[in-house]
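Here's a quick walk through one model, with a look at how some of its pieces pack. Have the structure open as you read.

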Amino acid sequence: MQPTKYIALLSNPAGSHKTLQTAEKISLLLKRHGARHSTFTRLWPSSFDAFTEVWLVGGDGTVNWFINQFPGVQLPLAVFNAGSGNDFHWMLYGNTTTEQQVERVLAGNVLQVDAGICNGRFFLNGAGIGFDGAIVKDLIGKRKLSGKASYLLSILKNIVGYTEKPCTIEMDGEVIRQDCFMISVANGRRYGGGFYVAPKAQVADGLLDMMVVGSISPMKRIKYLPVIEKGEHLGLPFITYRLVPRVRITSTMPVHAHLDGEYMSASVFEISMLPGRFSFLV
């Protein structure tokens, strides 16, 4: 017998007014459908044993925080677009309205989604090392605009002055040693609010899409930024692209990085794929 549906509806405690409004809207829609649920907007439960599903209201950072706080969760998850960066949401649901997504998620179709793990921390969308990690660091403490606006403004501010870092990349018997502008190890196709950094990536193929941008002059950085934004860059001569189950990246110095838009810094990055690690209602 299937257990009675009981949904934990979690809103990002540090979310905006929009986040709270979205959570309230979802709650009203669930009440209309007669779906039992409890809403948590400030303090989240320490355990979800009483629930059958977890619905998250926020952006990529909210989902990243949840899976790292509750890494053993086996319940089906859903994420609703209410953050400044919602690229993972887009991968699963596209441009759906809240009403449309509630209908879809209540239908109960489950997708087993891969997760990456980097230095012991999970990510669902991607790990960015180098320039895009520096962009995320630059945005810490600043009010983030919706979509790609904040990300784009920080790119324009830093794109000329960023210095490539010496990196060694080891994967499947292949070793690359070069100065790197940025390295993307992606599970999803886009991040930064709509930059198609890994346009071929799939969230359920069991592989990481790694894209390495080598040394590139400031003028070429500016020239090719719109090309990368559209996902039309994989054939460019200064780019190396691989599909890998795992990769080890080292540098002689700490390098800025991010996981799903959450900042980190390290000189060694041990990254691997965990196929079908989490369940998402789609």
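This is a predicted model: local features need pLDDT of at least 70, side-chain atom pairs count only at pLDDT 80 or more; totals for chains, interfaces and linings use all residues.

Let's start with α5 and α6. Two packed helices are described by the angle between their axes and the distance between the axes. Here the axes of α5 and α6 come within 9 Å and cross at roughly 110°. Angles of 65 to 115 degrees count as roughly perpendicular, so α5 is roughly perpendicular to α6. The crossing of the two is right-handed.

Here is who takes part in the contact:

| Helix | Residue range | Residues in the contact |
|---|---|---|
| α5 | residues 131-139 | Phe 131, Asp 132, Ile 135, Asp 138, Leu 139 |
| α6 | residues 149-158 | Ser 150, Tyr 151, Ser 154, Ile 155, Lys 157, Asn 158 |

By type, the residues of this contact split into five nonpolar, three polar and three charged.

**The cores**

In soluble globular proteins, nonpolar side chains tend to be buried together. The largest nonpolar core in this model has 48 residues, and Ile 169, Ile 183, Phe 269 and Ile 271 touch the most other members. Take Ile 271: beyond its neighbours within four places in sequence, its contacts include Ile 117, Phe 123, Val 185, Leu 208 and Arg 246. A second, separate core holds 45 residues, among them Phe 40, Phe 70, Phe 88 and Phe 280.

**A serine to look at**

Ser 11 sits in strand β1 (residues 7-11). Is Ser 11 buried or exposed? Its relative accessible area is 0%, so Ser 11 is buried. Leaving aside neighbours within four places in sequence, Ser 11 contacts Thr 19, Leu 20, Ala 23, Phe 40, Thr 41, Trp 44 and Val 57. One of these, Phe 40, also belongs to the second core.

Conventions. Residues are numbered from 1 along each chain as its sequence is written. Side-chain values use heavy atoms; hydrogens and water are left out. Axes are lines fitted to C-alpha atoms, for helices over the stretch in contact, and angles run from 0 to 180 degrees between N-to-C directions. Helices (H or I, at least four residues) and strands (E, at least two) are DSSP runs, numbered from the N terminus. Angles under 35 degrees count as roughly parallel, over 145 as roughly antiparallel, 65 to 115 as roughly perpendicular and the rest as oblique. A crossing is left-handed if the near helix is turned anticlockwise from the far one by less than a right angle, and right-handed if clockwise. Contact means heavy atoms within 4.5 Å. Ala, Val, Leu, Ile, Met, Phe, Trp, Tyr, Cys and Pro count as nonpolar, Asp, Glu, Lys and Arg as charged, and the others, Gly among them, as polar. A nonpolar core is a set of buried Ala, Val, Leu, Ile, Met, Phe, Trp, Tyr and Cys residues joined through side-chain atoms within 4.5 Å. Buried means under 20% relative accessible area, exposed over 50%, partly exposed in between (1.4 Å probe, protein chains only).
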